[in-house]
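Here is a short report on one protein model. Look at the structure first, then read on.

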Amino acid sequence: MKLYQRFLASYLCVCLIPLAFSLIVVFNLQQEIQKSIGKDQETTLRNAQSNLESCLVDASNTLDLLSQNEVLENLALRETLTGEDLYKLKGLIQTLSVANERHPSYIRSFVYFPRSGYLVSSKSTYHPALAGMATWDLGIDYETLRDGLVGNGGVDVAVRTLYRQDGNGGYLLVSKNWYDSRYQTVYASLGIVIQLEKEESFLNTSTTSMFALDADGSLFCGTQYGEEVARRLEETGQNQGKIRVSGETWLYSVYPAQSISNLRYGLLMLSSAYYRTLYPVLWQLAVELLVMLGVGIALAVFFSRRTWSPIERVLPFVEKSSGREGDYHSLKEFSQDLMDFVQEKERLLEQLVQSEERDHSLALWRYLLGFTQDSSCLSRYLEENQPYRLLAFCPAQPESLSQEGTEDMRAFLEELYKALEQVFLDRQDGVCLTIGASTVLVLVQNVVDMEEIRQKAEQTQQKTGQPLICYVSDVCSGLAEAPEAWDWVKRACDRDSFWEHTRKPGVWLAQEVLEYPGYFEDFALHRKQFVSALTTGKLEKAQRTLDTIWGQDMQNASLPVEIIRHRCGNVVEALLPYLEEEERPAAMKVISAPTVQEMKKELHAMLQKAQLREQQEQPEEKGSQLVAQVQEYIRKNYQDPFLNVSLIADRLNRNLSTLSHQYKDLTGHGLLEELHTVRLEAAKRLLKQGKTVRETAELTGYGDSRALIRAFKRYEGSTPGQFIDKK
């Protein structure tokens, strides 16, 4: 055997064989890591499902407490609600708002009255014709929500899934029906809408994603990759494994459904995030193999004093990696493929860096919008407890750029982005983001002085050659204050658009732009006067009251746009009962008008279409006759569990509002208090005779013992049991 052959054989045995064993050890380590990840995923999914069960139990307890609300009991039996009744619902809205704040995943709380068709949410009260407004921001159909509320069919709490109309996931609806004493008639339906993404938002990061599958295996919520996992489960039936999506490998685990929600939790983890520590070792071993192989060949050639014969015998055994068939026939081909490999590696690394930058920008944007509470996405740009501001730059004359085309606007934004990075972020920490079609956002640290910001904004304007408007937040000291700062800046931009206000180029403090000292004013009183004018059929008075509402309560540039739209919705709700059926769909057009002038025009046009009838006032009867007539009717019918003040007014052929005011002026107390007084007098007599609390409640019209106990506590200051002990 020649010298170079003996040298090469010895070299391979001593050096390459141990390296090959090292590669095998590393691959075995990778398998062990995958098993450990599977166990961690299962533990995480168990905790997530436990959190969901706890959330559903809390929602069930909340609905039990809401069903005992006094306003709910008073208004559930009415087929029509007056303006005064709607005003009473304000307390119910506040109660729903408090219930909605018990858990971060509670999106909305609802109460539906089947008799009157009214829907009350934690935000507002909705007329039957406007109930669709309650779910527009949730992306679900109102009919689906209503069927979910009333479709329980029993007294227990029910949990069902609601899917968004756009196909992007869904919600969980926890519902409960409140029945009469015989459990035959539904008085009211209560529900809480839960968004799982907020319940388990801590699981959604750049390397992990949570999803949930419905009972039929379809994707309910979470990452779109969950659909690929669902198909893999249907094909293989394995709850753990790997999937390849968008050029990346993900490890998945799905936990079996054993809960009242009947959902299956799943978790995806990016494989590269857990194996990134192994990849350098693999690359290092591969490079060592190539280096040792090259050194061995070079030494063999040197010792044999030959230049080509060793290479000629070795190259046919080296498989080409460039995709071309055949073996290497020259060193030039081999070196060219090595260069191509290095260039491909550099390109992949560059794409990886760009992908990470996009992920960081997306995480920052989700945090500013409030989709996640994790402020760690800012920690790579800003330091905690160091002052910073949020600045939003947009062109002062966007119409000139939009007329020239979308490409010119995109080019301008790129130029503005580069100028802001150079001027603001050259020596200060911070980050730049492009938001929407004409805005660039800057979070910059240490620039807290307004004068310095004005100087830098002027430099940016000179670089771009376009006049700029800059909205500036107040000074922030913690990373958690960034979403609130963005809210101030965004509302300042929306306000100028709504009022069609062309602001001068320069720097504006968002808090000063949004000052609104007269936040509430007398809108509640004005709306009550407007409802009264509509009820009596006086069009001129209604027109004057509407002008007052518009001039004092709505046409005020210092008010937030959200408040103006909400007040407009309240006025439209009062007008709906007086409109023809074909005119009612135009209500949404009024509320969603893009500018204040269009809103005013549509609102006055709706009032002109209202069908009002003037009511003739009946001559007043003597006070004593009226009181006697009311008391006689109550004493004859107090045992009727459906008797209420609305029914009393109907039986006496009187207007409820007029009768309530007249009776209170004559006796000093209201109709409902008179009804409770008569029923409690009868209840005391029955309790003295030895009747139980349940029997007494049924014989006095309360229906169940809970209602009797609440009435006793309110009007007597004690419970029925305490009353019996005293006697």
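Helix α6 spans residues 225-236, twelve residues in total. From first C-alpha to last, α6 reaches 17 Å, close to the 16 Å expected at 1.5 Å a residue. That expected span is 1.5 Å times one less than the number of residues. Helices (H or I, at least four residues) and strands (E, at least two) are DSSP runs, numbered from the N terminus.

This is a predicted model: local features need pLDDT of at least 70, side-chain atom pairs count only at pLDDT 80 or more, and totals for chains, interfaces and linings use all residues. Residues are numbered from 1 along each chain as its sequence is written, and side-chain values use heavy atoms, without hydrogens and water.

Buried means under 20% relative accessible area, exposed over 50%, and partly exposed in between (1.4 Å probe, protein chains only).

| Class in α6 | Residues |
|---|---|
| Buried | Y225, G226, V229, A230, L233 |
| Exposed, on the face turned away from the buried side | E234, E235 |

After α6 comes G237, with a positive phi near 75°.

Now the whole protein. It has 27 helices and 16 strands. Of its 727 residues, 43% are buried.
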